[in-house]
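Me: I am new to this structure and would like to learn how to read it. Could you take me through it step by step?

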Amino acid sequence: MLVFKHNQSQIVEREVYLYKNNFMAISQALLVRCDSNCELCGTNKAEIEFVVTPKDGDDVSEMVALCNTCFSNLELELSDYWRCLESSIWSPYESVQALSYRVLYKFKDLNWVGDVLNNIDLDEDTINWALHSYQKPEVHMDAFGNVLTNGDTVVLTQNLNVKGTNFTSPKGTIVKKIKLVGDNVEQIEGKINDQVIVILTKFVKKG
Ligand SMILES: [Zn+2]
């Protein structure tokens, strides 16, 4: 299942990481397919064999031939540059469709991008491939599916016996400035009665 509730900078960092770790010199098979032209902008010379994650690049069908400019711009927020994707998204190759969709999706709030994404009729598999880089496998969420972040305020949704102490925190207790437990998405830390305690995320509602 895809979870889209996360901030934009995290997406970009993740994408930059993925992109940087998934390119190599261009192969003959790909050069033949793209006729030596970048498959995104369609004008510059293809220089880079870019594997569209999460595929591992076993086959040319999992790659896109890119020029150096398109490759460098993948990690930048240059929505105007990517007008070229209005054409490339109609490519007959699924990998080119997926990468075009993936890059456009970063700018989905712009009107022209929204129009492009609404008008293209891609396979669901292709869209899932495109959006894979936006997946966030595990995040802290409250009982209602709202994503929690450090510093949030939460409210207890039921009475909780606090382990190791002699008090019960009643339902409705407000816990300010929570801290996410790094290795467990089901736990947060917060201060109740001046004590830092671990609280299960399923018993809180984001305030
Ligand atoms: Zn290009």
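**Reading the features**

Reply: Gladly, starting with a sheet: three strands, in the order β8-β9-β10, form an open sheet with antiparallel pairing. Strands (E, at least two residues) and helices (H or I, at least four) are DSSP runs, numbered from the N terminus, and two strands pair if DSSP finds at least two bridges between them. This is a predicted model, where local features need pLDDT of at least 70 and side-chain atom pairs count only at pLDDT 80 or more, while totals for chains, interfaces and linings use all residues. Residues are numbered from 1 along each chain as its sequence is written.

Me: Which strands stand at the edges, each with a single partner strand?

Reply: In general, strands of a sheet pair through backbone hydrogen bonds, either parallel or antiparallel. Here β8 (179–180) and β10 (195–200) are the edge strands with a single partner each, so one side of each has no neighbour in the sheet. Strand β9 (residues 187–192) is joined to β10 by six bridges. Along that pairing, G190 stands opposite I197, and I188 has I199 as its bridge partner.

Me: How many strands are in the open sheet with the order β7-β4-β11?

Reply: That open sheet has three strands, paired antiparallel. Its edge strands, β7 (174–175) and β11 (204–206), each pair on one side only. Three bridges link strand β4 (residues 154–156) to β11, and V155 has K205 in β11 as its bridge partner.

Me: How should I read two helices that pack, and at what angle do α5 and α7 pack?

Reply: Two packed helices are described by the angle between their axes and the distance between the axes. Helix α7 (residues 124–131) and α5 pack at about 50°, with axes 8 Å apart. The axes are lines fitted to C-alpha atoms over the stretch in contact, and angles run from 0 to 180 degrees between N-to-C directions. This angle makes α5 oblique to α7; under 35 degrees counts as roughly parallel, over 145 as roughly antiparallel, 65 to 115 as roughly perpendicular, and the rest as oblique.

Me: Which residues of α5 and α7 make the contact?

Reply: Residues are in contact if their C-beta atoms, placed from the backbone, lie within 7 Å. From α5 come E94, Q97, A98, Y101, R102 and Y105, and from α7 come T126, I127, W129, A130 and L131.

Me: Now the backbone: where is P54 placed, and which peptide bond is cis?

Reply: Most residues other than glycine have a negative phi, and most peptide bonds are trans. The bond from T53 to P54 is cis, with omega near 5°, and P54 lies in the loop between β2 (48–51) and β3 (63–66). S36, which is not a glycine, has a positive phi of about 70°; its place is the loop between α2 (28–34) and β2. N193 also takes a positive phi, near 50°, in the hairpin of β9 and β10, which has two residues between the strands.

Me: Lastly, where is confidence lowest and where is it highest?

Reply: Where pLDDT is low, the predicted coordinates should not be read in detail. pLDDT is the predictor's confidence in each residue, from 0 to 100. Confidence is lowest in helix α1 (residues 8–20), at a mean of 47, and highest in helix α5 (residues 94–105), at 97. Over residues 1–23 the pLDDT is below 50. The chain average is 85, and 87% of the residues score at least 70.

Technical notes:
Contact = placed C-beta atoms within 7 Å.
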